[in-house]
Amino acid sequence: MAAAYRRIGVMGAGAWGTALANAAARAGRQGGREVVLWGRDAAAMAEMAQLRENRPDLPGIALDPAVTPTADLAAVAATDALLLVVPAQACRTALARLAPLARDGLPVISCAKGIERGTRAFMSEVIGEAMPGARPAVLSGPSFATDVAAGLPTAVTLAAHDEQLAMELAAALGSSTLRLYHSADVRGAEIGGATKNVLAIAAGIVSGRRLGASAAAALVARGFAELMRFGRAYGAKAETITGLSGLGDLILTTSGPQSRNFAFGQALGAGAATGDKLAEGAFTASVLVEMARAKDVDVPVSAAVDGVLQGRLSIDGAIEALMARPQRAEG
Ligand SMILES: NC(=O)c1ccc[n+]([C@@H]2O[C@H](COP(=O)([O-])OP(=O)(O)OC[C@H]3O[C@@H](n4cnc5c(N)ncnc54)[C@H](O)[C@@H]3O)[C@@H](O)[C@H]2O)c1
Ligand SMILES: O=P(O)(O)OC[C@H](O)CO
């Protein structure tokens, strides 16, 4: 392991932050790595330190001995690379608190999957604006926290504008159970992660409404067409959209209720309560549709999800409208 990555910080101690802290510890075992896992709730972090487990978010998984839970921002700032694992809409606030304590040149790896509402900023842009001295990167791809935490085989993309940095980070954080492919297509990696969450809500609605396996397959295929159009318009490379962080994550997240976005949509489709688990797609849908309209990109499935979430459309009305769209060539 490069000496530069002996101390890894993780900002955000929910399910994904905790799983990634364990994964980073596992990857750096040979080099004596230390991982600082920061959460904003001091009492919860003290309990995590005592139990050596994140019982609310990742029950049954022991924290790796190299992971130190803390609520001390200075401790997570004094690291060699930082994984940013708070919800997308909270990234700017979290970074604003961290920025005065962090050194210039700190690699900050966004692990959140969303687009900021209001500003229409992708997470790498939020990092650039809130922490101008940081070197932004993105980690994205098909990966449930519980799978990664359990050490099940997982492969994701790590992208940075500076491909050398992407390679270094992939080497430092990858292990025999977490395979990291490097890329310089930051925009492509972040578009896949944000967009698939909205499409997963749609897939959940199809399931909750019991529309059948044929409808589910059509939704994934037409959703992917939408993801490609949006990606093309916003500068993603085709190989990223068809890779782990695009198609790969779309397949995972539309596959069943282990995805919180899918489960959220399934509850909506069944007319049930949606629960309080984070469904990032519910926050991204409207900004994604705004951004698509701004570039004249057709995103009917995402627009239907947004219409339902905003109360402008009933679920049955949205399905009817999708089926009644004018006949067109596939593509
Ligand atoms: N859970 C997964 O399997 C998974 C996998 C890949 C990516 N992600 C992405 O990771 C991100 C985080 O997801 P998660 O599963 O860890 O969610 P989570 O709800 O389990 O945890 C989010 C954590 O962020 C904290 N937080 C919220 N607002 C904050 C703020 N303003 N400042 C500091 N901390 C704040 C919360 O207290 C919580 O501890 C999301 O964008 C999600 O899409 C999750
Ligand atoms: O549970 P979800 O829907 O937030 O999805 C988690 C990950 O993004 C899957 O790659």
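Ala145 is in contact (C-beta atoms, placed from the backbone, within 7 Å) with Ala15, Trp16, Ala19 and Leu58, when neighbours within four places in sequence are left aside. The structure is a predicted model, in which local features need pLDDT of at least 70, side-chain atom pairs count only at pLDDT 80 or more, and totals for chains, interfaces and linings use all residues. Residues are numbered from 1 along each chain as its sequence is written, and chains are lettered from A and ligands numbered from 1 in the order in which they are written.

Ala145 is placed in helix α6 (residues 145–149); helices are DSSP runs of H or I with at least four residues, strands are runs of E with at least two, and both are numbered from the N terminus. Ala145 counts as buried because it has 22 C-beta neighbours inside 10 Å. A residue is termed buried if 20 or more other C-beta atoms lie within 10 Å of its own, exposed if 12 or fewer do, and partly exposed in between, with C-beta atoms placed from the backbone. Ala15, in helix α1 (residues 15–27), is likewise buried, with 23 C-beta neighbours inside 10 Å. Apart from neighbours within four places in sequence, the contacts of Ala15 are Asp57, Leu58 and Ala145. UniProt positions are given in the numbering used here, feature names are shortened, and annotations may be inferred rather than shown by experiment.

UniProt also lists Lys113, Arg260 and Asn261 under "binding site" (unreviewed entry). These residues span 149 residues in sequence, yet no two of their C-alpha atoms are more than 12.6 Å apart, so they gather at one spot. Lys113 lies in the loop between β5 (107–110) and α5 (123–130) and is buried, with 27 C-beta neighbours inside 10 Å. Beyond four places in sequence, Lys113 is in contact with Ala88, Ser140, Gly193, Ala194, Asn197 and Glu280. Arg260 belongs to helix α12 and is buried, with 24 other C-beta atoms within 10 Å. Its contacts, not counting residues up to four places away in sequence, are Lys277, Leu278 and Ala279.

The "active site" feature in UniProt (unreviewed entry) is at Lys196, a residue of helix α8. Lys196 counts as buried, with 31 C-beta neighbours inside 10 Å. It touches Leu227, Asp249, Leu250 and Thr253, residues up to four places away in sequence not being counted. Ser255, in the loop between α11 (244–253) and α12, is partly exposed, with 15 other C-beta atoms within 10 Å. The C-alpha atoms of Ser255 and Ala200 are separated by 8.2 Å, although the two residues are 55 residues apart along the chain.

The domain assignment gives domain 1 (3–184) and domain 2 (193–323), with bounds from an automatic or database assignment. The C-alpha centres of the two domains lie 26 Å apart. Their contact takes 17 residues from domain 1 and 21 residues from domain 2. On the side of domain 1 that touches domain 2, the elements giving two or more residues are β7 (154–160) and β8 (178–183); the largest share, three residues, comes from β7.

The contacts of Ile109 beyond four places in sequence include Ala81, Leu84, Val138 and Leu169.

Helix α13 (residues 280–294) has 15 residues and reaches 22 Å from its first C-alpha to its last, close to the 21 Å expected at 1.5 Å a residue; the expected span is 1.5 Å times one less than the number of residues. A kink of about 30 degrees is centred on Ser286, the bend being the angle between axes fitted to the seven residues ending at a residue and the seven starting there. Eleven of the 15 residues of α13 are buried, so the helix is largely enclosed by the rest of the structure. The buried residues of α13 pack against α8, α9 (213–233), α12 (260–270) and α14 (300–309). Asp296, which follows α13, has a positive phi near 60 degrees.

Conventions. Contact = placed C-beta atoms within 7 Å.
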